[in-house]
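These are my notebook entries on the structure shown below. I set down what I looked up, entry by entry.

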Amino acid sequence: MRRWYLLLALPFVGLLYPPLYASEDPELFGFPFFYWYQLAWVPLTAALTYFVYRKTRPPEPRRAAGRFRRT
Amino acid sequence: MNFEVDGVAIAVFCALFLLVTVLGFVAARWKKGDLDLLDEWGLGGRRFGTVITWFLLGGDLFTAYTFIAVPALVWAVGAGGFFALPYTIIVFPLVFLFMPRLWSVASKHRYVTAGDYVKGRFGSRSLATAIVFTGLLATMPYIALQLVGIEVVLGGLGIEGEWPLIIAFAILAAYTYTSGLRAPAMIALVKDTLIYATVLVAIIYIPTQVGGWDNIFSSANETLPERDEPGALIPSGPDAHVAYATLALGSAMALFLYPHALTAVLSSRSQDVVRRNMSLLPAWTLLLGLMALLGYMAIAAGVNVTDPSTAVPALFVDMFPSWFLGVAFAAIAIGALVPAAVMSIAAANLFTRNIWKEFVHRDCSDREEAQVAKIVSLVVKIGALAFVVLLPTQFAIDLQLLGGVWMLQTLPAVMIALYTRWFHRWGLLAGWALGMVAGTWIAASQSFEPVWETPVLEVTAYTALVALLLNLVVATVVTLLLGDRGRADELDETRPADYDELEETREPAPTVSAGVS
């Protein structure tokens, strides 16, 4: 279960090494790459965090009642 | 720059301001609790669920000052100011990892502040006091800057002078006193809605007026290199890249050490609420990113101001009809009230729990504890007001920059301590002291430039991270030298199980015993 946490390393890798994205091209809707690339990480990180949240949530008696238990 | 007085905008602005004032006082009756107890007044009874926590944290972390300062920086220097985006992206996964542990141990031992936790973990009053001192020191100028945010907006409405600011703050002080954390939690609902609406309208409407996104970025690309201190649309070269990345990382690590962030997290109902929120709060990050681009829109619109912080207000005055200008400015001004209230409550909690109860009146009753906190929240606000009225604004801005450097020096004793107690308490204290002095000295010696050309490492990095590195080296060396690990177990009142327990709902808050243990 704990290895799901490794997914949370992705935004750090993707954002803390600026040479990866410090360029103008390719543009998207008039946005230089530098800007849309970083903006794209916002929903991506939110989705990753939500995914990890679901995967690491412990089974809880009240919520799990009548449903399948999560592992 | 002088703005003209706009009657319609002022009327809309005042109406919205009045609405939140009423809400602030009504909040006292919401989720009813005994407001003469610190747990109720200062943490809202630790009962806030996902939605309230989302609004409260969003309103608390993304302050009015942020919404003024980030686009101002982007307007002035370009890409360098955009580090706020990666900063507020990575902060949430980071917090997702460590904050539930802190929430858990704090709820188990009824801790209200980071100082409470450090004292419980290390049994050291000196270390706890150092942490508390840092929090108070960093929070004061931050509150003052919220006032600067209101001042900028009032200036945009054509209102000059200090008395409107004083009135706004007196009202804020009154309902914070009576309603505690419930007031900013309730006002945050209005504030967040207004600010979201404003930014969405701005980023959809304004580009159509200034020739589209293509034109916005290309005019920024032409204008930025011609500034007195040349900016750039894309950061280039290793120095700019390291500065960008370290500013993002260091700021993210410091954010949740601030007392106001901790207060908002501890007021939530469960670990689950905290964790779920970390995937929802990026909605605010997106807003901040779009808001940052308003700096470029101001360039494309040909806004020409001497003070960058008036760039966005000037853009709004140019673009929006009067009534919407009132809404937009009210959004920012109300946006200043939420963090200012939470920050003053957090400072009051710190002072009462870790200074008053620790050094002044040990047998202080629960009622006295809450009463002292309420009075301190007033004193803190008066202090912040005096700060802005009497001293140059630049002083508050410089101190706020230092605030990040200072807060990061508490990371080993607070965040790292959640995972290991390997460090000796004297090692942590020595590391903290050196980090504080070195960080302050570096920042002051280069007129508060946030990054430093670090010798030995030969990189241009965020001062706070350099100071943290020194801090950790000293803490490690002193720990190794002292080597008496045995006593650490005796002094630690927390147990490993206190950190991991995931619970869906907590038991009804014990009323009288709160804070006694």
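How many of the 18 residues of helix 11 of chain B are buried? I work here from a predicted model. I counted 13 of the 18 residues of helix 11 as buried, so this helix of chain B is largely enclosed by the rest of the structure.

**Entry: span of helix 11, chain B**

I then checked the length of helix 11 of chain B. At 1.5 Å a residue its 18 residues should span 26 Å, and I found its end C-alpha atoms 26 Å apart, which agrees.

**Entry: helix 3, chain B**

I turned to helix 3 of chain B, residues 50–61. This helix has twelve residues and reaches 16 Å from its first C-alpha to its last, close to the 16 Å expected at 1.5 Å a residue. Ten of its twelve residues are buried, so I describe helix 3 of chain B as largely enclosed by the rest of the structure. I listed the buried residues of this helix as B:I52, B:T53, B:W54, B:F55, B:L56, B:L57, B:G58, B:G59, B:D60 and B:L61.

Against which helices do the buried residues of helix 3 of chain B pack? I recorded helix 9 (182–209), helix 11, helix 12 (259–266), helix 13, helix 14 and helix 16 (322–360) of chain B.

**Entry: the side of chain B that touches chain A**

I looked up the contacts between the chains and found 32 residues of chain B in contact with 30 residues of chain A. On the chain B side, the elements that give two or more residues are helix 5 (84–109), helix 10 (212–223), helix 11 (238–255), helix 13 (271–280) and helix 14 (282–300). Helix 5 of chain B gives the most, with eight residues. By class, I noted 22 nonpolar, six polar and four charged residues on the side of chain B that touches chain A.

**Entry: chain A**

For chain A I found three helices and zero strands, and the elements run α-α-α from the N terminus on. Of its 71 residues, 27% count as buried. Among the contacts in chain A with a separation of 6 or more, residues 24 or more positions apart account for 50%.

I next examined the loop between helix 1 (9–15) and helix 2 (33–56) of chain A, where A:P26 has its place. The peptide bond from A:D25 to A:P26 is cis, with omega near -5°. A:F29 lies in the loop between helix 1 and helix 2 of chain A as well. Phi of A:F29 is near 50°, a positive value in a residue other than glycine.

Is A:F29 buried or exposed? I found 8 other C-beta atoms within 10 Å of A:F29, so this residue is exposed.

I noted a positive phi, near 60°, at B:R110, a residue other than glycine. B:R110 is found in the loop between helix 5 and helix 6 (114–122) of chain B. With 19 C-beta neighbours inside 10 Å, B:R110 counts as partly exposed, because a buried residue needs 20 or more.

From B:D39 to B:I68 I recorded 29 residues in sequence and 33 Å in space, C-alpha to C-alpha.

Technical notes. Residues numbered from 1 in each chain as written. Chains lettered and ligands numbered in written order. Predicted model: local features only at pLDDT ≥ 70, side-chain atom pairs only at ≥ 80, totals over all residues. Contact = placed C-beta atoms within 7 Å. Helix = DSSP H or I, 4+ residues; strand = E, 2+ residues; numbered from the N terminus. Nonpolar A, V, L, I, M, F, W, Y, C, P; charged D, E, K, R; others polar. Expected span 1.5 Å × (residues − 1).
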